Amino acid sequence: MDAQQKLFYSVLCYFLVLFLLSGQQVLVQGHLTSDFHPSKLFVFGDSYADTGNTNKSESAWKHPYGITFPGKPYGRFSDGRVLTDYIAKFIGVKSPIQYRWRKYGISLLRYGMNFAYGGTGIFDTVVYPGPNMTTQIDFFQHLIKKKVFTARDLKSSVCLVSLVGNDYFTYIARNGSAQGWQSFIIALINQLAVNLKRIHGLGVQKIAVTGLQPLGCLPARTATSSFLKCNATENSLVSFHNLLLQQAVAKLNNETSTGRSSFVILDLYDSFMSVLENKGSTKFENPLKPCCFGISSEYSCGSVDANGAKKYTVCEDPESAFFWDASHPTQQGWRAVFPALQATLKQLYH
């Protein structure tokens with residue numbers, strides 16, 4: 001082969017590589033990559049995503065929360081890591097700093113920010129008097145106006161929106177039953193769609209929103225059956241919520257179509273049920289039974305009496321339990337669920 005031919009093949013190979021990499025996905029060391037490289041994670045929602053925004057009077061700041069990670073209570077509603085931590089690791093960034101502590105971790109702003117407050121919802125709730133999702137987005141918009149985050153930051157970011165039922169618990173508390181839920185679910189999904197569209201309008205191009213988990217299988221609902229049976233009625237209402245969410249997200253993707261997925265749904269219902277029915281690789285002896293719970297119905301995980309005496313019990317090994325307390329998975333529970341969510345997260349790179 002003469003010099004001219006060598007030059008021709010070198011140039012041909014160069015342009016072939018450019019073609020393969022341009023806008024195409026490449027598998028590198030088991031990780032999906034593309035021309036979208038997220039550098040920040042923004043988080044909105046509730047206790048499944050909160051990593052320390054609630055007041056220190058809340059249970060997430062009390063023993064035994066955090067005993068697995070980071071080894072002490074630190075504002076996560078679990079014994080360890082929560083959904084936010086796993087998503088941050090998946091996209092290759094550190095878990096973002098909490099909005100409440102933003103002034104004490106300026107160097108961590110490069111990873112994004114977590115605006116989620118445990119106990120909150122789309123609307124105001126009776127679970128925790130924290131900022132609802134609209135107010136959380138207001139916080140975000142204010143920081144953008146102050147140029148804490150630039151348009152470039154937003155374009156290269158991923159957003160997690162967590163909505164796991166506090167609005168529905170509030171509805172039951174205020175109305176005494178689930179009767180009339182249908183119209184409330186419609187109103188809630190409509191407002192959630194407004195919130196998602198607003199976040200996208202602020203410049204975040206990739207948004208993952210949680211579908212509702214099987215509320216009827218939470219320990220708070222299965223305690224009456226000694227943690228043996230889910231509440232089918234509540235789960236049917238969850239299915240209606242998730243159906244409307246699918247329709248709303250499909251509409252948003254059509255309205256903001258760029259040839260890529262702007263909005264995806266993290267299916268917590270199927271991913272939870274797969275683990276609860278012991279269909280996954282991780283098996284739990286009694287997946288409906290929480291690791292930490294009160295000694296009676298008037299107490300909960302972390303409760304103490306006026307003298308500081310514990311009014312709860314904790315299992316010997318949190319890794320043996322899917323649920324940590326009456327509503328939240330353990331770190332091991334989230335680890336078991338997350339593989340089923342990864343395929344959806346990969347759509348953000350399309």
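**Exercise 1.** In this predicted model, are Y48 and W334 buried or exposed, and how are their rings arranged?

*Solution.* Start with the surface: Y48 and W334 are both buried. Next, take the geometry. The ring centres sit 5.2 Å apart and the planes meet at 90°. Edge-to-face needs an angle over 60 degrees, so this pair is edge-to-face.

**Exercise 2.** Work out which class the Y171 and W181 ring pair falls into, and say whether each residue is buried or exposed.

*Solution.* The centres are 6.2 Å apart with planes at 75°, so we call this one edge-to-face too. Y171 is in helix α5 and W181 in helix α6, 10 residues apart. Now for burial, where the cut-off is under 20% relative accessible area. Y171 comes in at 14%, so it counts as buried. W181 has 3% and therefore counts as buried as well.

**Exercise 3.** Find which residues of α3 are buried and what they pack against.

*Solution.* First, list them: M133, Q136, I137, F140, L143 and I144. They span an arc of only 115° around the axis, which puts them on the same side of α3. Then look at the neighbours: these buried residues pack against β3, β5, α4, β6 and α6. One of them, F140, also turns up in an aromatic cluster with F42, F44, Y99, F115, F139 and F149.

**Exercise 4.** What caps the N-terminal end of α3?

*Solution.* Go to N132: one of its side-chain oxygens lies 3.2 Å from the backbone nitrogen of T134, and that's the cap. Just past the helix, K147 adopts a positive phi of about 65°.

Terms used
Residues numbered from 1 in each chain as written. Predicted model: local features only at pLDDT ≥ 70, side-chain atom pairs only at ≥ 80, totals over all residues. Heavy atoms only, no water. Buried < 20%, exposed > 50% of the residue type's maximum accessible area, 1.4 Å probe, protein only. Helix = DSSP H or I, 4+ residues; strand = E, 2+ residues; numbered from the N terminus. Arc of directions from axis to C-beta. Contact = heavy atoms within 4.5 Å. Polar contact = N/O pair within 3.5 Å; in protein donor to acceptor, adjacent residues only side chain to side chain. Phe/Tyr/Trp six-rings, centres within 6.5 Å; stacked < 30°, edge-to-face > 60°.
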